[in-house]
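Here are my notes on the model, point by point. Please read them with the coordinates open.

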Amino acid sequence: MTSRKTTQTMKPATAAKKLGVYLEATPAEFQEGVVSRDELNELQTSPPEWLRDLRRNGPHPRPVVAAKLGISIGGLARAGLMDPLTTEQINAIKDENPDWLQRERATHAEVKKEAAAKKKAAQKDADQPGS
């Protein structure tokens, strides 16, 4: 009995998430089809012009917007930024550097610092003999 290798596919939303792009801004043929693992790998290694343009100019999905601003997705929500933003809009927010952005960056940095400390403590505990 021989086994056939089946092609792993994913929904366009999953592929867009893995590519870090806003699904609704992708071409219709991308949105309407399925994406195989090989096609995703090809898009990642040799992105077509539409993908390079989306990554460069947006609109960007919330995780990318949050990362570009140096804050959490929750911070975006607290600021009322629920829609995708373009690179130009993100840069304008950075240039303006409003109070809410400064607060969210400080909060985000503190949360990351605490998480790193907890991880370090957990690793230290794991390295202790007899624990």
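This is a predicted model: local features need pLDDT of at least 70, side-chain atom pairs count only at pLDDT 80 or more; totals for chains, interfaces and linings use all residues.

1. Aspartate 38 is exposed because its relative accessibility is 61%; the classes are buried under 20% relative accessible area, exposed over 50% and partly exposed in between, with a 1.4 Å probe and protein chains only. Aspartate 38 sits in helix α3. Helices here are DSSP runs of H or I with at least four residues, strands are runs of E with at least two, and both are numbered from the N terminus.

2. Residues are numbered from 1 along each chain as its sequence is written, and side-chain values use heavy atoms, with hydrogens and water left out.

3. Next, the nonpolar cores. A nonpolar core is a set of buried Ala, Val, Leu, Ile, Met, Phe, Trp, Tyr and Cys residues joined through side-chain atoms within 4.5 Å. The largest one has eleven residues: Met10, Ala15, Ala16, Leu19, Val21, Phe30, Val35, Leu40, Leu43, Leu51 and Leu54. Helices α1 (12–19), α3 (37–45) and α4 (49–57) each supply at least two residues of this core. The most come from α1, with three residues. Another core, of ten residues, lies apart from it; Leu81, Leu85, Ile90 and Ile93 are among them. In soluble globular proteins, nonpolar side chains tend to be buried together.

4. Which residues does valine 21 contact, leaving aside neighbours within four places in sequence? They are Ala16, Thr26, Leu51, Leu54, Arg55 and Pro61. Contact means heavy atoms within 4.5 Å.

5. Arginine 55 belongs to helix α4. Arginine 55 is partly exposed because its relative accessible area is 33%. Its contacts, neighbours within four places in sequence set aside, are Leu19, Val21, Pro47 and His60. A polar atom of the arginine 55 side chain lies 3.3 Å from the backbone oxygen of leucine 19. The C-alpha atoms of arginine 55 and threonine 87 are separated by 8.9 Å, at 32 residues apart along the chain.

6. Histidine 60 deserves a look. Its place is in the loop between α4 and α5. Histidine 60 is buried because its relative accessible area is 2%. Its side chain makes a polar contact of 2.6 Å with the side chain of threonine 87. A polar contact is a pair of N or O atoms within 3.5 Å; within protein, one must be able to donate a hydrogen and the other to accept it, and residues adjacent in sequence count only if both atoms are side-chain atoms. The histidine 60 side chain also reaches the backbone nitrogen of glycine 58, at 3.4 Å. Not counting residues up to four places away in sequence, histidine 60 touches residues including Tyr22, Leu54, Arg55, Lys68 and Pro84.

7. Two backbone items to check. Glycine 58 and proline 59 are joined by a cis peptide bond, with omega about 10 degrees. Proline 59 is in the loop between α4 and α5. Asparagine 97 has a positive phi, near 45 degrees, and is not a glycine. Asparagine 97 is in the loop between α7 (87–96) and α8. Most residues other than glycine have a negative phi, and most peptide bonds are trans.

8. Glutamate 104 is in helix α8 (residues 99–127). Is glutamate 104 buried or exposed? Glutamate 104 is buried, because its relative accessible area is 11%. Its side chain makes a polar contact of 2.8 Å with the side chain of arginine 78. Residues up to four places away in sequence not counted, glutamate 104 touches Ile71, Gly75 and Arg78.

9. Threonine 107 is also placed in helix α8. Threonine 107 is partly exposed because its relative accessibility is 40%. Threonine 107 and tyrosine 22 are 26 Å apart in space, C-alpha to C-alpha, and 85 residues apart in sequence.
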